[in-house]
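Let's take a look at the pockets and the ligand site of this one. Here is the structure to keep open while you read.

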Amino acid sequence: MYGDYGYMEEGKLGKPYDFRLLKRLSCYALPYKKTFATALLLTILITLFDLAVPYVTKIAIDRYILASWYRIRTENLTDSKVKDTLNRYNHLLKKTREGDSYFISNLNMKKLDPADLHILKSRRIVSTDRFYRTDAVHYKSEIPLKKEISPYVLADGSLLVPHSQMTGISKSDLLKLRAGDIRGVTLVAVIFFVLILLSFALSYFEFYLLEFTGQHIMQDIRMTLFQKMQSHAVRFFNHNPVGRLVTRITNDIENLNEMFKSVFVTVFKDIFILTGILIILLVMNWRLALVCFTLIPVIFGLTFLFSTIAREAFRQLRATVSKINSFLQERISGMRIIQLFVREACQMEMFTEINHENFLAGMKQIRVFAIFMPLMELMSSLGIGLVIWYGGGKVIQNQLTLGALVAFIGYIQMFFKPIRDISEKYNIMQSAMASTERIFEFMDLKDEIPEPEIPSIAGEVKGHLEFRNVSFSYEENNPVLHDISFEVKPGETIAIVGSTGSGKTTLVNLIERFYDPDSGSVYLDGIDIRRWPKKKLRNSIGLCMQDVFIYAGSITDNISLGMEVIDEKQVEKAAYQANALQFIQRLPDGFRHEIGEGGSTISAGERQLLSFARALVKNPRILILDEATSSIDPETERLIREAVIRITAKRTTIIIAHRLSTIRHADRILVMHHGRIIEQGNHKQLMNIRGVYYKLNKTGTGKD
Ligand code: GTP
Ligand code: MG
């Protein structure tokens, strides 16, 4: 009873690296390139600020919190090797005022080559005692330093106080002594705060600009898609379920938006961050950096492996989700039938099954992630462990500052976040690429009913219609019309009758160019209708369709179909001509009465009258009435008959009738049977030949 909605197709995944698609997609971003470029610039700035944060921490620790100096002993130096070494590092050393000692800061100490440092340490040239450097010279007398060790004074007047002397002094003295460091730490804190504030402010603008660009691009694509959809031939809609088409314009585009927001943009950000961190780590300490980098191949290998597994799980999940969607869509729109035939229990069973499938697919995906996420966490911890083990050792050996170690840990944590997100982004990317592919596939579909390349420049439509040897089939090898030829002169009224399925509505479809004939041609005013601009052709024809489509809206809206050129007077006139005035006036708000979607709140006969009014409101040269088959009460039938006589005057009219009473007055009646015209003539002539028309009249449909 229900069609397959192409579940697998909905569940398929695209290749995230299909650059052909991405390139095409970028055409839509082109008009917004300036906004996008600004957003990217902001992204770079924000990234720089983010990257600066651990480094600022390092400065606070190394330069101020743990600032320390070491004395270089130069008394009785005889070893020329040591002398050479010291000479080489002369620029890093600070001389005391007396010129008898040298000092080196902890920051400069790690600049020494480890081998040189080893030489200096092993010969006890570098003191193990730590000193604090303070510019509080004038406190010298006030601060109760232990008398026996006099502090050293550097050339610039700053004081070097041994660490051992600081232990006993009071808190306030300590603060005085280290006032310079406190100022430094405060400055760092201010810089830190400013960085975060700037990052916050820029993030707002970045987010805004990106959303702005993304939403605009989506809007444009949606417009293009809808325009394309409107231009499609009727045949297209027969082959594509509504649900799928709606999905194309809503979900698929939303997927694109998701990709734009959470992948494109963050990919740029991630690339900046990752390269930034790599560079900073290498500059800070290339040895430690290389130790950390040993993890990178493992991380990428794992990510690739999991992406592959996750891809399959994700594909299954999508397939089951779309299965649920189309199931619900069908069942909800067909709820009446389900209830009527008491199929609820059976439907419930089917739903339980696909719902469970969805659950299993979801669980499979979760299992994959439940391993991947902690594994990445583990790798991150492993990275930090490596830094602590290797870097900690280096700190102990004075080859790395503590601040650098802390910054390293910060960067390693930052480094892992984008990598952890990669697999998630990969999934978004895949489904977005599948959506992109479907969107472009749809855009590339050829229009089956093309506009004429060189449109005819005919003036006013006179209303002369002619079918010449027209054959047509909806599906190959199943012809519906065979070699149809007939002519309707301007102002003439012809009627078409025939049994159900004989091809009457199909004739109308050809006149309106919902389809084009397989062979032969239809002419309007002597010109092949394929050479008429579609808009002009359709505007000159008023069509009352067999199944009247009613939009949710007022009566006026339903008659004028929102055409602005039509005013209320015209609507009222059309309603009068169609004999619909009576019933409209009976409605609570008259012309303003709101009808529900599908017109379920008005009767079938009323719908028919409304559709007459709709066809007439344009005052078309050609009028086609495809009469509804549903039975209506004699009163409405009389109204319709009267209306038909009134509105067909002076127009070229084609009436397709089931109630033969409506067409007696027609100038000519064509009788169709299995896609052929088998009888032609007026009522009298056809009755006289006692053929099919005569029989149809006798079987009751034409009874007066
Ligand atoms: P009634 O309105 O019932 O009196 O029939 P009709 O004479 O208007 O028949 P119509 O022209 O609608 O259909 C003629 C034949 O074409 C029938 O056998 C239909 O089954 C078939 N047909 C109509 N529309 C379609 C379509 O959209 N696709 C396909 N494949 N066949 C169609
Ligand atoms: Mg029909």
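Predicted model: local features only at pLDDT ≥ 70, side-chain atom pairs only at ≥ 80, totals over all residues.

Residues are numbered from 1 along each chain as written, chains are lettered from A and ligands numbered from 1 in the order written, and side-chain values use heavy atoms, with hydrogens and water left out.

That second pocket has 29 lining residues, and Val263, Phe264, Val267, Phe268 and Met429 sit nearest its centre. Helices H2 (19–29), H3 (33–65), H9, H11 (242–284) and H16 (402–444) each give two or more residues to this lining, and H11 has the largest share, with ten. (Helices, H or I with at least four residues, and strands, E with at least two, are DSSP runs numbered from the N terminus.)

What about the largest pocket? Its lining counts 17 nonpolar, seven polar and ten charged residues. There are 34 lining residues, with Phe514, Arg538, Met545, Tyr551 and Leu561 nearest the centre. At least two residues each come from helices H9 (179–231), H10 (234–239), H18 (534–539) and H22 (604–616), and from strand E12 (541–544).

| Pocket | Volume | Lining residues |
|---|---|---|
| Largest | about 1400 Å³ | 34 residues |

A pocket here is an open set of points on a 1 Å grid over the protein atoms alone, where a 1.4 Å probe fits, with protein on both sides within 12 Å along at least five of seven lines; lining residues have an atom within 4 Å of a point. Volume is the space filled by probe spheres set on the points, which are joined across faces, edges and corners.

Now for ligand 1. Among the 14 residues around it, Glu475, Lys504, Thr505, Thr506 and Gln546 come nearest (a residue counts if one of its heavy atoms lies within 4 Å). A polar side-chain atom of Glu475 is 2.8 Å from a ligand nitrogen, while one of Lys504 is 2.7 Å from a ligand oxygen. H17 gives the most to this shell, three residues.

Definitions and conventions:
Nonpolar A, V, L, I, M, F, W, Y, C, P; charged D, E, K, R; others polar. Polar contact = N/O pair within 3.5 Å; in protein donor to acceptor, adjacent residues only side chain to side chain.
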